[in-house]
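Work through the exercises below with the structure open. Try each task before reading its solution.

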Amino acid sequence: MSAKKPNVERDVTINKSEFKAAVVRHLHCTLGTDENKANNHAWWKATCSAMQEQVLEGIRKTQKTHYLNDTRAVHYFSAEFLMGRLLSNNLQNFGLFDVANDALNELGVSLSDVLEEEPDMALGNGGLGRLAACFIDSLATMELPAIGYGIHYEHGLFRQEIQGGAQIERPDSWRDYGNPWEICRPESIQEVSLYGYVETKYGENGRIQKEWHPGHIVKGIPWDIPVVGYGGKTVNVLRLWQSKSSGYFNWDVFNAGGYVDAQVENVQAETISKVLYPNDETEAGKELRLIQQYFFCACSLKDIIRRYKRAHGDDWSRFIDQVVIQLNDTHPAIAIPELMRILVDRAELDWDQAWGICTKVFAYTNHTLLPEALERWPARMLEKILPRHLEIIYEINHRFMKEVDKKWPGDNAVKARLSIIEEGNEKMVRMGHLSVIGSFAVNGVAELHSRLVKQNLFPEFDALWPGKLTNVTNGITPRRWLKACNPALSKLIDKKVGADWPLELKKLEGLEKYAGNKTFQKQFMQVKQQNKQLLAAEIKESLGFDVDTNAIFDVQIKRLHEYKRQHLALLHIMALYRRLLENPDYDMHPRVFIFGAKAAPGYKLAKDIIYAINKVADKINNDARVNQKLKVAFLPNYRVSLAEKMIPAADVSEQISTAGKEASGTGNMKLALNGAVTIGTLDGANIEIAEEVGDDNIFIFGLTVDEVNELKASGYKPYDYYYKNPEIKAVLDWLETDYFTPGKPGALASIKQSLLDHGDQYLVLADYEAYSKAQEEVDKAYRDKERWAKMAIINTAKMGKFTSDRSIRDYVERIWKLNACPVRKG
Ligand code: GPV
């Protein structure tokens, strides 16, 4: 039953001269250019096309194998897949990186320049979308039958520019010049209905029949993105749906002289997959967003059912053996009533039978406890867009309420808490409740988070269905996040523990015995130094100033959110600046604070914090009194490909969320894997990282979840900290002056206000002193070169647990019950 360990040996054999020939052939025959005229972009496309020959063979073999074996498969439903670039990954996973490098070299072209031509595929916001990308990498690597389902956004996450310190959003256009990886599958187009009304009919047998008469029909066009497993055997696909007008022309409107109005419907259909909502962890509440969610779920379910019927006809009895659907948060939760609709209204199964199938097919992952991220849809909106689904949700709820009454007879309070419908001014549908009720398994994404899901978010559900709520700690793919992004460290590791650690990450533990070895420490830190030089060059290119690579590279990279507390780091940076101004001999090792963060375009305070970081950076970087010791670099347009450059160069990893707020974090794992030492709170997966590396190899500070709760219960007063701690007072007051924003006093005042007058929800001031002390410990530790090298090595050595292969193994064994299906030659 368990997922087999993937095979290391390569199936694909193409040598350098064949690769060269293929690239040149594609320059000529696919791109219509030649070796003399081609620019790097053309070389990139030609190289992708040469790879794509191997990839397509892999897809064909994989699909044939899965079909012949009639395998059970997991269907990963996610509104986001943050894939990043694919060429380097596909070359690595096929074992063709060196072949391609040599081939291009002989053609007078640099592979690393060519790789830089690829636009990131940024069809996601942050951690949740990148997790989906790591998971499908692991699924293919472990030769598991799997398909990712999502939306083919025309525009992914916005491109961030910084102008005068402020974030400006620009549209992302990742496929403006064509995308060489995606394969259009017009033979699998689906139609999706929207709007309209429900007719109730009475069948011959007295059975009530519901018929949905939709007002609009849109087409879903599938684009397949190949997902190459490490070793190049299994190549799964990510299937993304693009919306198009159905061509269903509204002749009534047309004949009434409304030619333009009739065309408007086309525009609306194509709007559905136009753009990714850039809000991370905030419910949008917008009609188009709900339509996006339903659109991709309906297309995907039809696709799954078409494939099932090809093998099993109208016999639904084996559906639950063949299909499991993982819901990546509640974004695809509408798939639950949609499957009910198909089974009850279309296949004419009776309700109990249909519900029995549904509740054995769906599993749900919760990624947050933040109330503003828990999706709720106005019942009126659902009624308008999906009238039949709202009826089905009411029916699900009605039956569920009876079950609740059996367990807690007459308890209306518990019913109100558990109901899918939240009564109030406006009736709301709680998608989290629907997901828990309609799934056979529910998981959180780190031990602490899963415990809080059980204790705080869904306690009664846990009592009602013991064992349904569980934990699967997140993970990251070591292929992208070490092997590909940090080749120097990878080669050093190969020499010490062998080359199969990308498949068996626990093998990194073999490094532990060298942690105290001076020679190895030197080699390890030399690699870090090289990577810091590469990042320094990037900083110079992007921001125009030099940074000292002997300084501590202190990195905080993640979406900008108050709960992630970039402003805590900012206050501390301002305090260091102040200490240096007050005492030029203030003893600290030089440090470069490096940030990458996008703010949701409508999140005012998040944008203010970006502005403040940039303004403080300007001042510090240009102040000769301090800039030998202190620099701040905010790198614009943080994205997967930039993360791949920042992570290998980090000495310190900032993971400083308010305890209880970061469900897991995954950047924390990537940074530690690359030898960065964490300064962090006891939150999310930091706790499990601390367990792995040991207390001596991590800097833990701040309030625990229990202490946070106690402090809030006893009435937290941020002003107490302001008056008690002169440094806090000084830096907060500094924000109100025009020191950092000459001529514009008060331009940074909103941060101070949020921390004092608006109650400091995330306890920045309460944790300030502990953070500042922990940073002094970091400084002290770094100055002891041997101690630091040892810590860094142990961090890399102990990250085995956090491979996404382990997460997937957990899902496979405890939730999905899948078998690996090895793909062979031929
Ligand atoms: I809900 N997460 C995210 O990136 N976007 C969201 O909309 C939601 C959650 C993140 C969590 O914040 C991280 O702690 C977690 O590591 C990640 O999801 C993957 O589980």
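Axes are lines fitted to C-alpha atoms, for helices over the stretch in contact, and angles run from 0 to 180 degrees between N-to-C directions. Helices (H or I, at least four residues) and strands (E, at least two) are DSSP runs, numbered from the N terminus. This is a predicted model: local features need pLDDT of at least 70, side-chain atom pairs count only at pLDDT 80 or more, and totals for chains, interfaces and linings use all residues. Residues are numbered from 1 along each chain as its sequence is written.

**Exercise 1.** Describe how helix 6 and helix 33 pack.

Solution. Start with the geometry. The axes of helix 6 and helix 33 (residues 804-816) lie 9 Å apart, at an angle of about 75°. The two helices are therefore roughly perpendicular (65 to 115 degrees; under 35 is roughly parallel, over 145 roughly antiparallel, the rest oblique). Next, find the contacts, that is, residue pairs with C-beta atoms, placed from the backbone, within 7 Å. Helix 6 uses Cys-134, Phe-135, Asp-137, Ser-138, Leu-139 and Thr-141; helix 33 answers with Ser-804, Asp-805 and Ile-808. Finally, sort them by class: four are nonpolar, three polar and two charged. Here Ala, Val, Leu, Ile, Met, Phe, Trp, Tyr, Cys and Pro count as nonpolar, Asp, Glu, Lys and Arg as charged, and the others, Gly among them, as polar.

**Exercise 2.** At what angle do the axes of helix 1 and helix 4 cross?

Solution. Helix 1 (residues 16-29) and helix 4 (residues 97-106) cross at roughly 60°, and their axes come within 9 Å. That makes helix 1 oblique to helix 4. Lys-16, Phe-19, Lys-20 and Val-23 of helix 1 meet Val-99, Ala-100, Asp-102, Ala-103 and Glu-106 of helix 4. This contact has five nonpolar, no polar and four charged residues.

**Exercise 3.** Which residue classes make up the contact of helix 11 with helix 12?

Solution. Locate the pair first. Helix 11 (residues 335-346) packs on helix 12 (residues 351-361) at about 140°, with axes 9 Å apart. Helix 11 passes helix 12 in a right-handed crossing. Now list the partners. Ile-336, Leu-339, Met-340, Leu-343 and Val-344 face Trp-351, Ala-354, Ile-357, Cys-358 and Val-361. The count is 10 nonpolar, no polar and no charged residues.

Technical notes. Contact = placed C-beta atoms within 7 Å. Left-handed = near helix turned anticlockwise from the far one by under 90°.
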